[in-house]
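Let's walk through the aromatic rings of this protein together, one question at a time. Here is the structure to keep in view.

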Amino acid sequence: MTENLLKENLKKYFGYETFRAGQEEIITNILDGNDVLGVLPTGGGKSICYQLPAMIMEGITLVISPLISLMKDQVDALNENGISSAYINSTLNKDEYKKTLSDISRGNIKLLYISPERLENDFFIDFIKGLNINFVAVDEAHCISQWGHDFRPAYKIIPSIYEVLGDIPVAAFTATATKEVRDDIIKNLELNTPLVKVTGFDRKNLTYIVEKPKDKLRFLKTYLKNHKDESGIIYASTRKKVDEVYKSLKKMNLDVSKYHAGLAEKTRIKNQDDFIYDRKKIIVATNAFGMGIDKSNVRYVIHYNMPKDMESYYQEAGRAGRDGEDADCILLYNAQDIIINKFLINQTNNFAFKRYQLEKLQIIINYVNTSNCLRAFILDYFGSESMDFCDNCSNCLSKVDKIDATIDSQKILSCIYRLDQRYGSKTVVDCLKGSKNKNAREKNLSSLSTFAIMKEKDEKYIKDLIGTLIADGYIRVSGGQYPILKLTEKSKDVLFDNEKVFVFENKTDPVKQMENKTINRRDYDDKLFNHLKKVRLELSKDRNIPPFIIFSDASLKDMATLKPQTEQAFLEIKGVGDKKLLQYGDIFIAEISEFISASN
C-alpha cells in the first residue's frame, strides 16, 4: 500500500494528517506479514499501529488486552470513528455474548478485544478456528515478562494459539520496556525476527516535578485550588493513605472520588466511571487504578508517595497529557516513602525478586535526589537519548542558588571509608552527628576520626546530601534488605582531586514557573474552549460515552483556535475524520458560529 493511501485512511478513520514517530514503519511491517514489537510512549499512538492495518486487511484482528475498562474505552472510541469493534469479557450478559458471536461470524466486526484468560476457554478457541484472523495484537506486552512491573501469568498462554491460527503476524506493544524486558517479550511471545521499534521515551508535553514539602497535604491543597477545572489523578501508596487524602479533599468541597482494592467492586467501578465520564474531576487511588485508563484529558498526575520503581512511575505519570497537551507530573517525596516501599517489597519470600526490587527502589530514590535534569534521568534509565537541560522539569525550571558542598561531601565520603564501607546511611549519620545512641555505642563510633565532625549540621541536610551523592554517582548502594554505602571511582575525584560538589537551593517555586510558561503559551480562545467542553459533556451524557471519546481537549483547543464555520474547515481540525464530521460537525460548527456572533 502506498504512503498516500495509508495517510488517506489515517485521516478518514482517525482524523490525523500525518503519522507520529514509528507508526508508519510498524503499520507497513504488519501489512507485510512481519512480527513487530513497538515500544511507544503513552500517548504516542500505539493503538493506531494495529487499528489502522486491521481496517485495511481482510478479516478480523484479535486484540489481547489486560483490562476490561481499557477494552470498553477502545471499542467505544473505535465505533465512534466508524470502525466496527467488539469485546468479549465477563461484563457481557448471555444475550450480549450471543449477539457479539453472531456479529463476528457474519463478518461485521473488524477488531475483537479479549483478555488473555479467554484463551483458556475451549469453546472460544474452537470458535476462532473458523474465523479469518489476519493478525494478533498484544497490548501492554510487558505483562508477559516476570521483570515487567505488571506481570500477568495468563499472558504466557498467548503462544499456545499460534498453532490454531496458523502462520499469521503477531504485533506486541508497550510503553515501558527496558532492554531486559524487551528481550523477555520477544522470547516469551515467540516473535519471529520481529521489527523492534523503540521511538523514545520522551513525552515533551509533560513537566516533571519533584517536591520535598514539609507538609504534603498543604502543597496538594494549594495546587488543586489553582487547578479546579482540570482532571487529575493522585496516587498514594496504601489504601489508608488514599482514604486520608480523599477525606481531606472532600472537606475542601472538591470534586473528588477514590479507588483502591479495599472498596466493593460496584463502588470501584462507579468511582472509576465517575472519573472517566468527567462527573468527578479528581481521583485519589492506589496503583491498582490506571492500567488501561485511556482518558486523554488528564492534566496532572500527582504521586503523594514515591512509587517503588521507575517503570511504575513512568507509566503512572504517563497517564497525564495523553492528548498531547501540556500536563504536570508531580512527585511529592519524604524519607517515610522509602520505609513504606521497603515494607511492601519485603512482603515477598522470593529472595532474588526482593533483591531486584530493592535495586529498582534505589534508582527512583536517586531520581528524587538528583540535582541534574529529571527528564534526562528518565531517558537515560530507559536507554533513550537525553539532553543536559530540558527547560521543562523542576530542576531545570527553578532559579537556584548554587551552594558549594564539597567539604561536607568529603566529610561524608571519609566517614564511609572510615566505617570500612560496611554500614548504611543511619550509621553514617549517627557517626557524623556524634550520636550517643545504642547504635553508636555498639559500633564504638566515637573512636573514629569522623565522629561528630558534622554535629552542627541538620540531620535532614546530611541525609539529603547523602541522597544527592548517591544520585550523582559518588556513592553506590549495595546489599538488599539492609543497604550498605560504598565509595565509587568518582568519589576519589572529590576526596583527592579537588572536584567540586554543588547542591542547589530553590529560590523560586518550579510549579509557579511552569504555570507561567503554560499561560504564556495559551493561544486559543479560552472562553470558546470552555464552552465547547460543556457542549461535549452534554453530548457524552446523551450518548453514555466518556467526553474524551467524542473529542479530545487537543481537538477542542484546535477548534477554539481555528474557529471553523464550514464542513471543509471542520475537517482540518486534528482528530476529525469522516465519521466525526458526519456525527458532530453540524453541532460544533453551529456552536462556534453562535459564539462568534455573540462575541461581535
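Q: How many aromatic pairs does the count come to?
A: This is a predicted model, so side-chain atom pairs count only at pLDDT 80 or more. Rings pair if their centres lie within 6.5 Å. By this rule, the count of aromatic pairs comes to 15.

Q: What kind of aromatic pair do Tyr367 and Phe377 form?
A: The ring centres of Tyr367 and Phe377 are 5.5 Å apart, and their planes make an angle of 65 degrees. Planes over 60 degrees apart count as edge-to-face. The pair of Tyr367 and Phe377 is therefore edge-to-face.

Q: Which helices hold Tyr367 and Phe377?
A: This pair ties together parts that are ten residues apart in sequence, because its two residues belong to separately numbered helices. Tyr367 lies in α14 (residues 351–369), and Phe377 in α15 (residues 374–381).

Q: What is the centre to centre value for Tyr524 and Phe529?
A: Tyr524 is buried, and so is Phe529. Their rings form an edge-to-face pair, with 65 degrees between the planes. Centre to centre, Tyr524 and Phe529 are at 5.2 Å.

Q: The charged end of which residue sits over the ring of Tyr474?
A: Elsewhere, Lys216 lies over the face of Tyr304, 5.5 Å from the ring centre. For Tyr474, a charged end sits 4.6 Å from the ring's centre, and it belongs to Lys490.

How values were computed
Residues numbered from 1 in each chain as written. Predicted model: local features only at pLDDT ≥ 70, side-chain atom pairs only at ≥ 80, totals over all residues. Heavy atoms only, no water. Phe/Tyr/Trp six-rings, centres within 6.5 Å; stacked < 30°, edge-to-face > 60°. Helix = DSSP H or I, 4+ residues; strand = E, 2+ residues; numbered from the N terminus. Buried < 20%, exposed > 50% of the residue type's maximum accessible area, 1.4 Å probe, protein only. Lys NZ or Arg CZ within 6 Å of the ring centre and 35° of its normal.
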